[in-house]
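Could you have a look at this one with me? I've jotted down a few points to go with it.

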Amino acid sequence: MKRAQSPRNLCAQVVHELGNRILAGDFEPGQPLPQETTLCDQLGVSRTVVREAIKSLSAKGLVQSRAKLGTLVQPARGWNYLDPEVLQWQLQADTSGRQLFHLTEFRRTIEPAAAALAAERASDEELQDIADACDDMRRNADDVDAFLVADLRFHTLILHATGNPFFAPVANAISVALESSLRVTNRQPADNRTSVPVHQKVMKAIVARKPNAAQAAMRALLNDAASRIDRASKKT
């Protein structure tokens with residue numbers, strides 16, 4: 001593993017290494033991680049770094065340290081899937097596309113309601129930010145990476161515009177899901193150009209403060225995204 005100068009960076013590297021291995025199935029639920037000294041030797045880090053990394057993995061619900069048993073991998077149902085790192089590791093380990101399906105299904109449940117709430121509650125400044133993000137998508141339709149940034153901003157702004165703080169961690173999860181899905185469905189500028197009018201319909205309904213129209217438009221947007229993910233997965 002590449003060494004970093006600061007202990008914090010080393011800890012992040014160990015968390016990333018072990019998290020990836022857990023999500024990839026190298027360590028099964030109920031199975032202990034290698035002993036501390038073994039991890040130090042394998043990863044080339046100090047015990048302090050390993051212990052801090054284990055604390056971080058425990059906070060994500062991936063492991064739990066128990067006296068005389070060691071650090072055990074926890075069942076998947078206890079993992080914090082709203083944690084962006086956990087989501088990213090899961091997507092990297094997913095070869096069937098099932099995780100992306102689950103994330104899209106999650107978005108179809110949450111985001112239409114968020115669009116309706118944003119139409120009701122967003123401040124004038126938030127409405128302008130949403131409109132600007134949508135316009136950035138239009139202007140950057142021929143630049144795949146810039147379009148992705150604008151699209152992520154558009155969706156996260158809507159979630160935050162609900163005024164409900166519980167949508168904040170959901171916004172993190174949706175950002176990971178959206179980035180993964182766009183890299184499947186929007187590989188060419190032409191794909192971006194066709195999705196702009198669909199996003200504009202959502203934006204216009206929110207800015208006009210029409211909750212029902214905003215909800216319906218977001219639902220249509222996500223149904224279209226799900227169809228495109230399905231088509232793209234069948235080609236691979």
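This is a predicted model: local features need pLDDT of at least 70, side-chain atom pairs count only at pLDDT 80 or more; totals for chains, interfaces and linings use all residues.

Here are my notes, from the overall fold down to one residue.

1. Ground rules. Residues are numbered from 1 along each chain as its sequence is written, and side-chain values use heavy atoms, leaving out hydrogens and water.

2. Fold. You'll find 10 helices and two strands, where helices are DSSP runs of H or I with at least four residues and strands are runs of E with at least two, numbered from the N terminus. The order from the N terminus is α-α-α-β-β-α-α-α-α-α-α-α. The C-alpha trace spans about 60 × 40 × 35 Å along its principal axes.

3. Burial. Of the 236 residues, 42% are buried (under 20% relative accessible area; exposed is over 50%, partly exposed in between; 1.4 Å probe, protein chains only).

4. Helix α5. Residues 98-121 form this 24-residue helix, and its end-to-end C-alpha reach of 34 Å is close to the 34 Å expected at 1.5 Å a residue (1.5 Å times one less than the number of residues). Still, there is a kink of about 30° at Arg108, shortly before Pro112 (the angle between axes fitted to the seven residues ending there and the seven starting there).

5. Asp129. This residue sits in helix α6, residues 124-139, and is partly exposed at 24% relative accessible area. Beyond its neighbours within four places in sequence, Asp129 contacts Arg153 and Leu157 (heavy atoms within 4.5 Å).
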